[in-house]
Amino acid sequence: MAITLNHTIVPCFDKTASAKFYSRVFGFEYVGVFSHFIVVRVNDTLCLDFDNKEKFDTLHYAFKVSEQEFDDIFARLQAEHISYGSGPGTADDMTINHNYDGRGVYFRDPNGHLLEILTADYVIPPQ
C-alpha cells in the first residue's frame, strides 16, 4: 500500500470562514464539524482540518490540478478579485507561470497562507 497524507491541520483566525473559502475557491467538499475542527475534503484520501489559533506562522500549501481544474479555480480567483502571481515572492504580480511546460499560480488565503495551484510536477534534479 502506498503511504498517503490523510489530513493536516490548517491554523486560521476563523475556521468556518476559512473552510468555506477553500471550498468555494478550490471546489473542495465542505464536510463540516469534526471534533473542534471544520473539515474540508480535498480528495478521496486527504482532508484539511481548520483550527482557530490566535497566533501562527503562515504556511505554504501546493495543489496539483488538471488543466480544467486550473481554469476553473483561476476563474474563481478572478471573480473574487483575489490577487495572484507567478511565484512565491511575486504572489501579487497578476501573472501566472509556465514552469515545467505547465501552468502555476500563487495566491494568499484570508489568513496569509501562501497557496499554489500547478498543472505540472516540479522537475527535481537527481542527487
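This is a selection-by-selection tour of a predicted model, going from the sheet to the core and then to one loop.

**Stop 1: the open sheet**

Select β5, β8, β7 and β6. These strands make an open sheet of four, in the order β5-β8-β7-β6, and the pairing is mixed. Now look at the two ends of that order. β5 and β6 (84-85) are the edge strands; each has a single partner strand, so one side of each has no neighbour in the sheet.

Zoom in on β6 and β7. The two strands run antiparallel and are joined by two bridges. To find the place by residue, pick Gly85, which stands opposite Tyr106 in β7.

**Stop 2: the largest nonpolar core**

Nonpolar side chains in soluble globular proteins tend to be buried together. Which residues touch the most other members of the largest nonpolar core here? Select Tyr22, Phe26, Phe50, Phe63 and Phe107: these are the ones, out of 27 residues in that core. To show where the core is drawn from, colour β1 (7-12), α1 (15-26), β3 (37-41), β4 (47-52), β5 (60-64), α2 (67-79), β7 (104-108) and β8 (114-118), each of which supplies at least two of its residues. The largest share, five residues, comes from α1.

Keep Tyr22 and display what surrounds it. Apart from neighbours within four places in sequence, Tyr22 is in contact with Val10, Gly27, Phe28, Leu48, Phe50, Tyr61, Asp109, His113 and Leu115.

**Stop 3: the aromatic rings**

Hide everything but the aromatic side chains. Over the whole structure, eleven aromatic pairs are found. Phe26 and Phe107 make one that is tilted, with 5.9 Å centre to centre and 35° between the planes. Are Phe26 and Phe107 buried or exposed? Both Phe26 and Phe107 are buried.

Next select Phe21, Tyr22, Phe26, Phe28, Phe50, Phe63 and Phe107 together. Ring pairs link these residues into a cluster.

**Stop 4: the loop between β6 and β7**

Begin with Met94, which is found in the loop between β6 and β7. Met94 is not a glycine, yet its phi is positive, at about 60°. With a relative accessibility of 42%, Met94 counts as partly exposed.

Go on to Asp101, placed in the loop between β6 and β7. Asp101 also has a positive phi of about 60° although it is not a glycine. Its relative accessibility is 81%, so Asp101 counts as exposed.

Finish with Arg103, again in the loop between β6 and β7. Why does Arg103 count as buried? Its relative accessible area is 18%, and buried means under 20%. Which side chain does Arg103 meet in a polar contact of 2.8 Å? The partner is the side chain of Asp71. Display the remaining surroundings: leaving aside neighbours within four places in sequence, the contacts of Arg103 include Glu67 and Phe70, as well as Ile96, Asn97 and His98, and then Ile117, Leu118 and Thr119.

Technical notes
Residues numbered from 1 in each chain as written. Predicted model: local features only at pLDDT ≥ 70, side-chain atom pairs only at ≥ 80, totals over all residues. Heavy atoms only, no water. Core = buried A, V, L, I, M, F, W, Y, C linked by side-chain atoms within 4.5 Å. Buried < 20%, exposed > 50% of the residue type's maximum accessible area, 1.4 Å probe, protein only. Contact = heavy atoms within 4.5 Å. Pairing = 2+ DSSP bridges. Phe/Tyr/Trp six-rings, centres within 6.5 Å; stacked < 30°, edge-to-face > 60°. Polar contact = N/O pair within 3.5 Å; in protein donor to acceptor, adjacent residues only side chain to side chain.
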